[in-house]
Amino acid sequence: VGIAVYLDNKENIQNIFSKVGYYPDYIHVDFVDETMNKNISKPDFERLSEIRKWWPNHKIESHIMSTRPLKYVDKLSEYSDVIYFHLEIEDNLNEVKELINSYKIKPGLVLHTTFKYENIENLIGNYKEILVLCIEKPGESGQEFLNKSNHLIDEINQLKIRGKFNLCVDGGLSKKNINKIECDKIVSASNVFKNENPKKQIINLQKLLNK
């Protein structure tokens, strides 16, 4: 179970740490620019070092929500163990993947439930990390889980190559729907942060995920 931290000038990293401590299994860093969300706050890459300060031993998985991820990989590379980028980008997919590889970081591919995909095995076959984004608008916390995500997740889980990659599910997850989802990792934000006991909620999600 990873908790989502936005890489913008509004996020209070210390406040997040005070709520969840070291209970998350990893930290999921969300970076969004105006190409995927016109209402997004200004990015603040200095927050990466602050995240590392509070979670010195946790893995950091970064999610670039931009149609031009190439220009951000360098800034995210110092602290990231995985860098996810979307299939629907203007940059060349292989160039992005190879640039991430050049930093000895795992590249991850994002499939967004709002799109329809064919030949999924061909799309994701060269990646060890796959993320399914299950909300309507990238970069906005607190959205509802899109039920049609279940079909995409099931389709991915039925692939012959399923054992060759990790599947991460992100967006709108709660105790109500997580027990219906088969995946290796989840990302949570508002479901944890708005809970009366965020640390206990992380434990509850971990138990559900490991059933």
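Mentor: Strands (E, at least two residues) and helices (H or I, at least four) are DSSP runs, numbered from the N terminus. The model is predicted: local features need pLDDT of at least 70, side-chain atom pairs count only at pLDDT 80 or more, and totals for chains, interfaces and linings use all residues. Residues are numbered from 1 along each chain as its sequence is written, and side-chain values use heavy atoms, without hydrogens and water.

Trainee: Which strands pair with β6?

Mentor: Two strands pair if DSSP finds at least two bridges between them. Strand β5 (residues 106–112) runs parallel to β6 and is joined to it by five bridges; His112 has Leu133 as its bridge partner. Strand β7 (residues 166–170) is also parallel to β6, over five bridges, and there Leu133 stands opposite Asp170.

Trainee: How is an aromatic pair described?

Mentor: A pair of aromatic rings is described by the distance of the centres and the angle of the planes. Rings of Phe, Tyr and Trp (its six-membered ring) pair if their centres lie within 6.5 Å; planes under 30 degrees apart count as stacked, over 60 as edge-to-face and the rest as tilted. The structure holds seven such pairs. Among them, Phe17 and Trp55 are edge-to-face, at 5.5 Å centre to centre and 70 degrees between the planes.

Trainee: Which parts of the chain does this pair tie together?

Mentor: Phe17 lies in helix α1 (residues 13–20) and Trp55 in the loop between α2 (47–54) and β3 (59–65), so the pair ties together parts 38 residues apart in sequence.
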